[in-house]
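Hello,

Please find the structure below. My notes on it follow.

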Amino acid sequence: MYTDLLILLFAAVLLVATFRRLGLPVILAYLIAGVLLGPHGLAVITGQSIMQTIAELGIVFLMFSLGLEFSLPKLLAMRRLVLGVGMLQVLFTSLLFFAIGWWWGLGLAQSLVVAGTLALSSTAVVIKQLGEQKQLHTRRAQLGVSVLLFQDLAVVPLLVMIPILAQPEVQGSALAAEIAWATLKGLFALFTLLAVGKWLLPLLFHEVARARSDELFV
């Protein structure tokens, strides 16, 4: 495991330095490193489960850095862009790909999943690129980020619906009940996270600051 990790880090650093020298986006260096060393490339990396865990942790930290750039009041101030431009993009793109999938011969559930997946982009990749180009606070970037934020919100009902649509035996009123119950659970989890972030974490950070301990802070 440690050997695979060291090889991956070395390849990533080498490719990042090369791509920076060539003036190319750094995110491409990371993607190419994975492609080259992965099972469909040179197959140097063998611990796929460990690499997947590390990749998920990397996405978590990257999304955390995105959260440092935005706050709930800022998102509320951008609500017209998020709900306007973002909703139009997701709705139009989903309808387009749903029609293509339906015309291609896919079933209803398959068309919905394919359309929902293709309507989304990678917030982590786009934010990383905008940050490197120092364009995160430009008007163009705000429009793009508003679309991405609505896509992130649209992921929640999509993730709720996919396991339900995978059950062909659930139909009619039972399907509606399953979707409603899953939606309620998702909303409960969302509001719980917001409540913890607004009331519990500030109290915890205040106590940590009062202790004036570097170890406790870490």
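Arginine 212 is exposed, at 77% relative accessible area; here exposed means over 50%, buried under 20% and partly exposed in between, with a 1.4 Å probe and protein chains only. This is a predicted model, in which local features need pLDDT of at least 70 and side-chain atom pairs count only at pLDDT 80 or more, while totals for chains, interfaces and linings use all residues. Residues are numbered from 1 along each chain as its sequence is written, and side-chain values use heavy atoms, with hydrogens and water left out.

Arginine 212 sits in the loop between α9 (172–211) and α10 (214–217). Helices are DSSP runs of H or I with at least four residues, numbered from the N terminus. Although arginine 212 is not a glycine, its phi is positive, about 50°.

A positive phi also turns up at glycine 23, which follows α1 and has a phi near 75°.

Helix α1 covers residues 2–22. Its 21 residues should span 30 Å at 1.5 Å a residue, and the end C-alpha atoms are 30 Å apart, which agrees; the expected span is 1.5 Å times one less than the number of residues. Which residues of α1 are buried? They are Asp4, Ala11, Ala12, Leu15, Val16 and Phe19. Seen down the axis of α1, these buried residues fall within an arc of 135°, so they line one face of the helix; the arc is taken over the directions from the helix axis to the C-beta atoms. Exposed residues on the other side of α1 are Tyr2, Thr3, Leu6, Phe10, Val13, Arg20 and Arg21.

Next, the nonpolar cores. Such a core is a set of buried Ala, Val, Leu, Ile, Met, Phe, Trp, Tyr and Cys residues joined through side-chain atoms within 4.5 Å. The largest has 11 residues: Met78, Val82, Val90, Ile127, Leu130, Leu136, Ala141, Val145, Leu149, Phe150 and Ala154. At least two residues of this core come from each of α5 (79–104), α7 (123–132) and α8 (139–165), and α8 gives the most, with five. Another core, of six residues, lies apart from it and includes Leu15, Val16, Phe19 and Ala29.

Finally, the structure holds two aromatic pairs. Rings of Phe, Tyr and Trp (its six-membered ring) pair if their centres lie within 6.5 Å, and planes under 30 degrees apart count as stacked, over 60 as edge-to-face and the rest as tilted. One of the pairs, phenylalanine 98 with tryptophan 102, is stacked, at 6.1 Å centre to centre and 25° between the planes. Both residues lie in helix α5, four residues apart, about one turn of the helix. Phenylalanine 98 counts as partly exposed, at 24% relative accessibility.

Regards
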